[in-house]
Amino acid sequence: HRHGFEAQDILERVTSFKEIALWACQHHEFLDGSGYPYQLKGDQIPFESRILTIADIFQALAQKRPYRDSMPVNQVMQILTELAEQGKIDTQIMAFVQDHQQQCWQLATA
């Protein structure tokens, strides 16, 4: 749970990255307040952080890990859709990902 803070600390050292540092720190926040590190809700979470949240989840599921194989794009989309239906991730961003899932898949697995 510390890597968001660590990313923020590193990125803030570059003056032009200060705003990006905050987005990186908040990429595990969920719209319903169940995320971390601050348990932010809804509009408290910047749109850019919401994008990073979905991108991070997509990539984590799409990539092969030492403990499991990569998931096919339809399974990744099913999990993301469920998170959107639960009110955890942004539905507007999810609609974009849905419309561009093959491109997202290619980028996540490159």
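The model is predicted. Its largest nonpolar core has 20 residues. Helix 4 gives the most to this core, with six residues. A nonpolar surface patch of about 220 Å² is made by Val14, Phe17 and Ile20.

**Core**
- Phe58, Val76, Leu80 and Ile89 have the most contacts inside the largest nonpolar core.
- Two or more residues of this core come from each of helix 3 (47-62), helix 4 (73-85), helix 5 (91-99) and helix 6 (101-109).
- Among these elements, helix 4 is the top contributor, with six residues.
- Beyond its neighbours within four places in sequence, Val76 is in contact with Phe58, Leu61, Ala62, Met71 and Trp105.

**Surface patch**
- Ile20 sits in helix 2, which spans residues 18-25.

**Loop residue Ser70**
- Ser70 lies in the loop that links helix 3 and helix 4.
- Ser70 has 32% relative accessibility, so this residue also counts as partly exposed.
- Leaving aside neighbours within four places in sequence, Ser70 is in contact with Leu61, Ala62, Gln63 and Lys64.
- Leu61 and Ala62 are also contacts of Val76.
- Ser70 and Ile93 are 23 residues apart in sequence. Their C-alpha atoms are 22 Å apart in space.

How values were computed:
Residues are numbered from 1 along each chain as its sequence is written. This is a predicted model: local features need pLDDT of at least 70, side-chain atom pairs count only at pLDDT 80 or more; totals for chains, interfaces and linings use all residues. Side-chain values use heavy atoms; hydrogens and water are left out. Patches are made of residues with over 30% relative accessible area and no salt bridge: like charges are joined within 9 Å, nonpolar side chains (Val, Leu, Ile, Met, Phe, Trp, Tyr) within 5 Å. Accessible areas come from the Shrake-Rupley method with a 1.4 Å probe; for residues, only the protein chains shown count as cover. A salt bridge is a side-chain nitrogen of Lys or Arg within 4 Å of a carboxyl oxygen of Asp or Glu. Helices (H or I, at least four residues) and strands (E, at least two) are DSSP runs, numbered from the N terminus. A nonpolar core is a set of buried Ala, Val, Leu, Ile, Met, Phe, Trp, Tyr and Cys residues joined through side-chain atoms within 4.5 Å. Buried means under 20% relative accessible area, exposed over 50%, partly exposed in between (1.4 Å probe, protein chains only). Contact means heavy atoms within 4.5 Å.
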